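Here's a quick tour of a protein model, one topic at a time. Keep the picture open while you read and try to find each piece as it comes up.

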Amino acid sequence: MSVTAQRKDSRGVYYVRTLGCQMNEHDSERIAGVLRAQGYQQATPEQVRAREVDVMVLNTCAVRDNATQRMYGTIGRWHRFKQHKPDTRIAVGGCMAQKDRERIVKAAPWVDAVFGTRDIGSLPGLLDKARKDGRPQVGVSQELRDLPGRLPAVRASRSQAWVSISVGCNNTCTFCIVPSVRGRERDRSMDDILQEVEDCVRSGARQVTLLGQNVNSYGWSTGDRYAFARLLRACGRVPGLERIRFTSPHPAAFTDDVIAAMAETPTVMHQLHMPLQSGSDRILRAMRRSYRSQRFLQILDKVRAAMPDALITTDIIVGFPGETEEDFQATMDVVRRARFSSAFIFEYSPRPGTPAARMPQLPKAVVQDRFERLQALQESITMEHMQAFLGKEVEVLIGDGHGRHDGSTHRVTGHERTGVLVHVGVPQGMPAPKPGDLVTCTVTQAGPHYLIADPDPRAGQVYDIR
């Protein structure tokens with residue numbers, strides 16, 4: 001469909017780009033939803049490449065410095081869109097917009113609207129006002145107006161859906177800027193969450209991911225420490241829902257009833273992403289992380305006792321201010337004991353406005369060296385995890401997208417039940433699965449961060465679609 005044809009019955013076309021975490025990705029679905037509700041249509045890739053877009057939205061992250069640099073680099077490149085098509089409107093939202101609204105307007109005067117994490121619903125009005133007044137509009141609130149479920153959404157996937165169960169964070173980690181840009185934690189009602197989950201399933205979702213900055217502290221603000229486990233069990237009773245996962249839990253709020261709910265609810269995936277951040281108790285105290293390494297390892301032992309196949313991943317920061325070689329070795333020791341399936345390892349990035357940014361910083365060369373040593377250790381552990389899948393049968397939920405080489409290999413891509421990426425080859429003469437299908441297949445190769453299943457049914461290997 002041409003740009004002209006689309007505009008006959010719409011206000012124009014929009015494009016949303018996301019920087020950051022799954023929470024940001026879900027926020028972008030809400031941004032797309034409010035724009036569509038106002039008559040805009042999603043731009044095609046061809047329209048974006050041709051710079052024929054009416055509204056461009058950048059949803060930003062503020063957790064690390066590289067995300068900040070990417071934001072300013074992106075809106076700098078987007079200036080060319082306005083030079084090509086002067087009536088294009090550019091908006092910047094998300095965590096950096098919440099934090100640096102005045103700086104963005106000053107550094108990039110071609111930006112038409114800046115809106116915060118609590119102001120997604122106000123975006124169409126800001127764009128209209130910018131068009132009318134001819135100057136940038138800023139809408140950044142300190143109070144949350146609408147909980148996520150009350151805003152429309154354009155889901156990025158038909159088969160998988162994100163459902164936010166809470167917003168904000170009540171912790172005071174010295175390295176983190178999230179509480180200042182997302183606000184205090186607020187929970188949605190369980191009925192509201194379950195209604196959205198049911199709506200997602202009716203729309204074709206077979207997997208739902210529950211989102212929260214500290215997802216397992218759901219209900220704690222009202223004194224209900226068993227609410228999250230009840231929510232998992234309730235989601236498990238939703239007809240048609242095949243898989244439930246959640247991210248990210250906080251170790252301090254991880255209780256035995258959550259482990260029991262995971263193990264006893266068949267549709268809850270045996271997948272756990274729980275940030276360690278450091279294996280040194282001294283550094284954990286400096287970070288204001290309200291647990292210690294022994295407590296963290298005890299949780300992992302309990303999870304694996306209840307679910308031996310559990311895939312456990314984590315986040316780790318190296319080079320936090322004041323970290324000694326002894327502290328770093330403590331992290332290496334915990335990683336050896338924890339045997340994470342994989343880890344997101346980050347060099348500490350000072351965020352202005354956080355207590356850690358005012359602490360004495362470590363030399364870049366020291367941080368880089370520690371990053372490389374920890375990365376090498378984790379890569380060796382991850383490869384062992386991948387090798388253990390060889391010859392096993394896995395159930396893969398086929399996604400909506402494609403792997404990098406799927407076009408040339410004629411494979412389809414999805415994730416097995418503990419979250420590992422799997423590229424599935426279709427045996428000759430067998431039907432190809434569609435997005436949202438579940439394929440049971442035999443793993444034939446293991447890569448560093450993915451599996452390949454090229455099953456040969458004649459050799460007794462399995463390939464089955466449901």
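**Strands that pair up**

Strand β16 and strand β17 (residues 421-425) run antiparallel and are joined by 5 bridges. Keep in mind that this is a predicted model. We'll start with these strands, then move on to helices, cores, some cysteines and a couple of loop arginines.

- If you look along that pair, you'll find Thr413 standing opposite His423 in β17.
- Together, β16 and β17 make a hairpin, with 4 residues between the two strands. In the turn sits Gly419, which has a positive phi of about 100°.
- β16 has another partner too: strand β15 (residues 393-398) pairs with β16 in the antiparallel sense, over 3 bridges. Here Leu397 has His415, in β16, as its bridge partner.
- How many of the 6 residues of strand β16 are buried? It's 5 of them, so β16 (residues 411-416) is largely enclosed by the rest of the structure.

**Helix α4 and its buried side**

- Helix α4 covers residues 65-84, so count 20 residues when you trace it. From its first C-alpha to its last it reaches 30 Å, which is close to the 28 Å expected at 1.5 Å a residue.
- Which residues of α4 are buried? They are Ala67, Thr68, Met71, Tyr72, Thr74, Ile75, Trp78, Phe81 and Lys82.

- The largest nonpolar core holds 67 residues, and Leu210, Phe228, Leu231 and Leu232 touch the most other members.
- Which helix gives the most to this core? That's α9 (residues 227-236), with 7 residues.
- Apart from this core lies another one, made of 25 residues, including Leu19, Met56, Phe81 and Cys95.
- Zoom in on Leu231: setting aside residues up to four places away in sequence, Leu231 touches Ile165, Met190, Ile193, Leu194, Leu210 and Tyr218.
- Helix α9 is mostly covered, with 7 of its 10 residues buried. The buried ones are Ala227, Phe228, Ala229, Leu231, Leu232, Ala234 and Cys235.
- The elements covering those buried residues of α9 include α8 (190-202), β10 (207-211), β11 (243-247) and α10 (256-264).

- An unreviewed UniProt entry places the feature "binding site" at Cys21, Cys61 and Cys95. They're spread over 75 residues of sequence, yet they cluster in space, with a largest C-alpha distance of 10.9 Å.
- Look for Cys21 in the loop between β1 and α2 (22-37). Cys21 is partly exposed, with a relative accessible area of 40%.
- Cys95, on the other hand, is in helix α5. Is Cys95 buried or exposed? It counts as buried, because its relative accessibility is 6% and the cut-off for buried is under 20%.
- Not counting residues up to four places away in sequence, Cys95 touches Thr60, Cys61, Ala62, Thr117, Val181 and Arg182.
- The unreviewed UniProt entry also places the feature "domain: MTTase N-terminal" at residues 12-132. That span is 53% helix and 21% strand, and its end C-alpha atoms lie 16 Å apart.

**Two arginines in loops**

- Arg158 is in the loop between β6 (137-139) and β7 (160-164). Arg158 is exposed, with a relative accessible area of 68%.
- Arg158 and Gly139 are 19 residues apart along the chain, and their C-alpha atoms are separated by 31 Å.
- Leaving aside neighbours within four places in sequence, Arg158 is in contact with Ser203, Gly204, Ala205 and Asp400.
- Where does Arg292 lie? You'll find Arg292 in the loop between α11 (281-287) and α12 (293-306).
- With a relative accessible area of 29%, Arg292 is partly exposed.
- Arg292 and Ser278 are 14 residues apart in sequence and 9.2 Å apart in space, C-alpha to C-alpha.
- Once you leave aside its neighbours within four places in sequence, Arg292 is in contact with Asp281, Leu284 and Arg285.

How values were computed:
Residues numbered from 1 in each chain as written. Predicted model: local features only at pLDDT ≥ 70, side-chain atom pairs only at ≥ 80, totals over all residues. Heavy atoms only, no water. Expected span 1.5 Å × (residues − 1). Buried < 20%, exposed > 50% of the residue type's maximum accessible area, 1.4 Å probe, protein only. Core = buried A, V, L, I, M, F, W, Y, C linked by side-chain atoms within 4.5 Å. Contact = heavy atoms within 4.5 Å. UniProt positions renumbered as here; feature names shortened; annotations may be inferred. Pairing = 2+ DSSP bridges.
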